Every structure is written in structure tokens, then in C-alpha cells.
Amino acid sequence: MSELKYRSPKGVHDVLPADHQYMTYIKKAVRHRARQAGYKRIDPPIFEERALFERGIGSHTDIVEKELFNVGRKGAADTADKDYALRPEFTAGICRSYIEHGMQELPQPVELYAIGPCFRYDRPQKGRYRQFHQFDFEVIGLSDPSIDAQLIHVVWKVFDDLKILRRLNLQINNIGSSDDRKNYVQALKDYFVGKERNLPEKDRERLQTNPLRLLDSKEEDTQILIKMAPTLDQFIHPESKKYHTALLEYLDALGITYTQNTSLVRGLDYYNQTVFEFWDSSTGAQNAVGGGGRYDYLIEQLGGKATPGVGFAGGMERILWHMQEAGVEAPNKDQVDVFVAQLGPEAKKKCLMLVSELRDLGIHTVGALGEASLKSQMRLADRFQARYTLLLGQMEVKEDTIILRDMAAGKQKQMPFSKVVPEIVKLLGAEHLDHYSLMDKFGKFSDPGEG
Ligand code: AMP
């Protein structure tokens with residue numbers, strides 16, 4: 001075999017049709033639950049000013065420090081142009097949009113959801129890609145434990161719809177206010193005075209830039225030291241504890257099970273109070289399918305009026321993997337109902353019109369428009385796994401008939417051409433046809449004859 005000239009770049013992949021069945025299924029569940037709960041769809045751009053992500057997510061987080069995909073400027077002379085980066089997640093872009101479009105004037109909270117690709121220049125490995133897909137929920141404008149509980153409930157419902165809930169484990173924590181965190185960070189720094197020498201170089205740097213990241217360090221030496229270090233929950237103000245207790249009560253009332261995890265902090269700077277992640281029950285923190293938390297200071301930090309918010313992002317590739325592992329079957333709507341084979345110039349013209357008529361009725365139809373023999377067209381029909389094949393040879397055109405073949409039964413019959421469409425509709429069942437109709441806001445179908 002000759003060497004492939006082009007391959008997809010490292011860490012990214014094609015979403016092939018077989019996976020799209022699942023992607024569509026996941027999107028449907030997300031859209032359905034989002035609509036039920038009053039969320040509206042938003043699509044922030046795929047790239048934004050790099051500074052937005054730096055300010056929002058934090059310049060010393062892994063995502064910004066190592067994983068941002070920078071987008072080249074058009075030319076050095078174009079000074080009006082800014083430095084851009086591909087979005088590594090949705091929250092910063094959605095909050096920027098909330099401020100830019102004056103959404104604080106809307107009734108609060110503003111509930112938004114997004115679905116689409118995100119980019120991180122991660123080291124590619126299983127479940128970790130450079131382009132992956134997220135769905136994202138954000139509730140902006142109110143801070144209350146019941147809002148957090150409701151958001152978690154919507155996510156819970158999505159995982160339940162996708163039949164992977166029992167494979168997941170909800171981990172939850174309260175990381176306090178930003179003041180609590182500041183005090184804790186100081187205490188951590190104090191604790192490490194004199195111990196820096198025992199830290200690996202990477203963590204010694206983190207101690208200066210973002211000490212909280214030592215908590216989930218993978219380095220053994222750091223882990224040993226962290227065991228004796230002060231813990232965040234010693235610094236959390238009673239107000240936050242009250243907030244957390246209320247949230248857990250609401251979750252209990254909604255029948256949501258969780259594990260309290262005091263070392264869960266999430267890597268992003270903007271969180272306060274509630275943080276949560278859905279972990280794979282068998283592998284734990286690695287390959288979480290989604291996570292989120294409250295970000296009451298983010299909008300102000302980005303230049304807006306102080307506005308609280310809470311959000312969640314789910315990773316679609318990892319969810320898809322769980323669905324396949326769990327044996328969940330996504331519906332396949334791409335099957336071919338009818339394959340039309342033809343021979344001769346007259347038959348080809350008739351075939352074109354017949355294919356068009358069948359398609360308009362919602363019947364998935366493929367026409368063999370090449371010049372192959374009828375025999376090889378029949379083989380093609382088999383490979384397409386068509387349920388029925390229609391054969392139009394020169395003889396049939398002359399007699400105004402057509403041959404209808406049931407592929408599974410291996411039986412065929414000749415019939416008048418004018419009867420074949422209703423016969424196919426009857427065989428497939430009118431309720432199984434794939435109708436596509438655009439409805440206007442009054443629920444009326446558009447008239448295809450107009451404009
Ligand atoms: P995060 O906010 O970083 O926790 O990301 C939210 C979710 O997005 C994660 O739980 C993953 O399911 C997914 N995710 C994040 N980064 C990647 C990646 N590099 N490849 C695939 N999925 C990812």
C-alpha cells in the first residue's frame with residue numbers, strides 16, 4: 001500500500017458517520033433537557049481574544065499556560081489585529097457575550113447553552129484530544145444553592161437519558177469565597193516555607209504562581225507533603241458551609257446521589273463556592289465526563305457589572321465512549337430504503353424523476369446513475385443494504401412497468417410503473433417515512449411553492 005500523503009493532525013480526528021449517530025443522540029438529549037428548563041442556545045465564536053481566556057480562566061492554569069491554541073495574525077503590519085486563541089471551553093466566551101450584549105437587562109437568571117468544538121493543545125492520549133466537543137450550560141445572574149442544584153439536575157437528566165448515569169459518580173465540593181481561598185493560599189505558602197527543596201521543580205514554580213494546583217499534583221513527593229498541609233475546608237467561612245449544606249439538601253430532595261470530595265478544586269481560577277465533576281465510577285478523576293461550578297466574580301473580572309453565575313461542561317467524546325461501552329445503541333436513521341437501478345438513456349431519465357418523488361415522500365433513496373450492468377447494480381444495492389430495489393430496464397420502460405425486489409426475501413415482481421410509489425409507501429409504513437417540514441412560529445408548515 002502506498003504511503004498516505006495526508007492524515008488528520010495529531011490529536012484530532014474525523015467524526016465519522018458511525019460516531020455521528022451518537023453525537024446526534026447526545027445533542028438531542030442536551031437540546032431537549034435545555035429547552036424544558038428554559039435555556040436558550042448561544043454560539044460564541046470559535047476564537048476570541050487571547051486575553052479573554054487569560055483573564056477569565058487564569059494565566060497560570062494548565063489550560064492557558066500550556067494548552068491554548070494561538071491563532072496567527074494576518075500580518076505583522078496589521079496592528080489593529082489582536083492576539084487570538086481558539087476557545088478551550090465556553091464559559092469565558094459566553095460571559096464576554098453576556099456583558100457585550102447587555103444581557104443584564106434581561107430577566108435574570110439568563111440561562112444559556114452551547115454545543116460545539118473546543119481546542120486544547122494537550123498531549124494527545126486516550127480521551128484527551130486537541131479538538132473535542134463540549135456541551136455547556138450556564139446560568140447567569142443569581143447566586144443561590146437551589147440554582148446550583150437545578151443545574152446539576154439538568155445534567156443528571158441528560159446522563160440518565162443517555163443511559164450512562166450508573167457508570168458515573170458525582171463528586172462535589174465547596175471551595176468557599178475568593179477571600180477564603182486567598183487565606184488558604186497564604187496558609188499553603190506558609191506551610192511550604194523551608195520545604196520547597198523537597199518539591200519537584202514544576203511544583204516549586206506552581207507554589208509561586210498557583211499553589212492550589214499542588215493539591216492535585218501527580219508528583220509523589222508533593223503528594224506526601226500535601227497530606228500534612230492545611231486543608232481548604234479549615235478556611236471556609238460558615239456562610240459557604242451553610243450554602244453547601246443547603247445545596248446538598250436540595251440534591252437529596254431531587255434524588256441525586258453524590259460523593260463529597262474536599263480535595264476537588266477544579267483547575268480554573270474563576271470558581272468559587274460549588275465545584276463538581278462527573279467521574280467515571282471505575283477510573284475516578286481521570287477522564288471525567290464533565291465538570292462545572294460557580295463563578296461569582298468572573299463577569300466583574302471581565303469588565304462587567306458584578307454578576308454571579310454557575311455552569312457545567314460535558315465532554316462529548318468521553319460520553320460517547322461510555323455509551324458504546326455500556327452497549328447503548330444510538331438510532332441509525334441513515335438506512336437506505338430503496339435503491340433504484342436502471343439501464344438505458346430513457347430509463348435513466350425516468351429513474352431521476354422517480355428518485356426525486358420517493359425522496360420528497362420521506363423515503364431514503366439512492367439511484368445508481370452510472371453505466372454499470374444491471375447485475376453489478378444489484379450487487380451495489382446489496383452493499384448499500386437497501387431494503388427494496390427498483391429495476392428499470394429498457395423493456396420495462398417500453399412496457400411502462402417496473403420490477404420491485406424485496407432484498408431480504410429475495411423475491412421480486414413486475415408491476416405497472418404508476419403503482420410502484422404507493423406500493424413502496426405501503427411496504428415501509430407511512431409512519432416510518434422521514435418527513436422534514438419547516439414550521440413557522442404558529443406551528444404551520446411552510447408552503448414549498450412560495451418564495
Ligand atoms: P474541564 O472544564 O477541563 O473539566 O472540561 C470539561 C469536560 O470536557 C471534561 O470533563 C472532559 O469530558 C472534556 N474535555 C476536556 N478536555 C478534553 C480533551 N482534551 N479531550 C477530550 N475531552 C476533553
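Glycine 327 follows helix H11 and has a positive phi, near 75°. Helices here are DSSP runs of H or I with at least four residues, strands are runs of E with at least two, and both are numbered from the N terminus. The model is a predicted one, in which local features need pLDDT of at least 70 and side-chain atom pairs count only at pLDDT 80 or more, while totals for chains, interfaces and linings use all residues. Residues are numbered from 1 along each chain as its sequence is written, and side-chain values use heavy atoms, with hydrogens and water left out.

H11 itself spans residues 316-325, and seven of its 10 residues are buried. Buried means under 20% relative accessible area, exposed means over 50%, and partly exposed lies in between, with a 1.4 Å probe and protein chains only. Among the buried residues of H11 are Glu317, Arg318 and His322.

Two residues other than glycine also have positive phi values. For lysine 163, phi is near 60°; this residue sits in the loop between helix H5 (145-161) and strand S7 (168-174) and is partly exposed at 46% relative accessibility. For aspartate 400, phi is near 55°; its loop runs between helix H14 (394-399) and strand S15 (401-406), and its relative accessible area is 43%, again partly exposed. A further backbone feature is the cis peptide bond between glutamine 108 and proline 109, with omega about 0°. Proline 109 belongs to the loop between H4 and strand S5 (110-119).

I turn to the ligand. Which residues come nearest? Of the 14 residues around the ligand, they are Arg120, Tyr129, Gln134, Arg266 and Ala288, where near means a heavy atom within 4 Å. Strands S6 (131-140) and S11 (309-315) each supply at least two residues of this shell. A nitrogen atom of the ligand lies 3.2 Å from a polar side-chain atom of aspartate 122. Ligand oxygen atoms are placed 3.1 Å from a polar backbone atom of glycine 290 and 3.4 Å from one of glycine 315. The protein covers 92% of the 480 Å² of accessible area that the ligand has on its own, by the Shrake-Rupley method with a 1.4 Å probe.

Next, the charged residues. The whole structure holds 16 salt bridges, each a side-chain nitrogen of Lys or Arg within 4 Å of a carboxyl oxygen of Asp or Glu. Aspartate 148 and arginine 294 form one of them, at 2.7 Å from N to O. This pair links helix H5 with strand S10 (residues 290-294), 146 residues apart. Aspartate 148 is buried, at 1% relative accessible area, as is arginine 294, at 0%.

Arginine 266 is bridged to glutamate 277, with the closest N and O atoms 2.8 Å apart, and both residues are buried. Glutamate 423 and lysine 413 meet at 3.1 Å, N to O, in a further salt bridge. Asp62, Glu65, Lys66 and Arg213 are linked in a network of such bridges.

What, finally, surrounds glutamate 89? Glutamate 89 is buried yet has no salt bridge, and the nearest side chain of opposite charge, arginine 120, is 5.8 Å away; here Lys and Arg count as positive and Asp and Glu as negative, with His and the chain ends not counted. The side chain of glutamate 89 does make a polar contact with the side chain of tyrosine 270, at 2.6 Å. A polar contact is a pair of N or O atoms within 3.5 Å; within protein, one must be able to donate a hydrogen and the other to accept it, and residues adjacent in sequence count only if both atoms are side-chain atoms. A polar side-chain atom of glutamate 89 also lies 3.0 Å from the backbone nitrogen of alanine 92.
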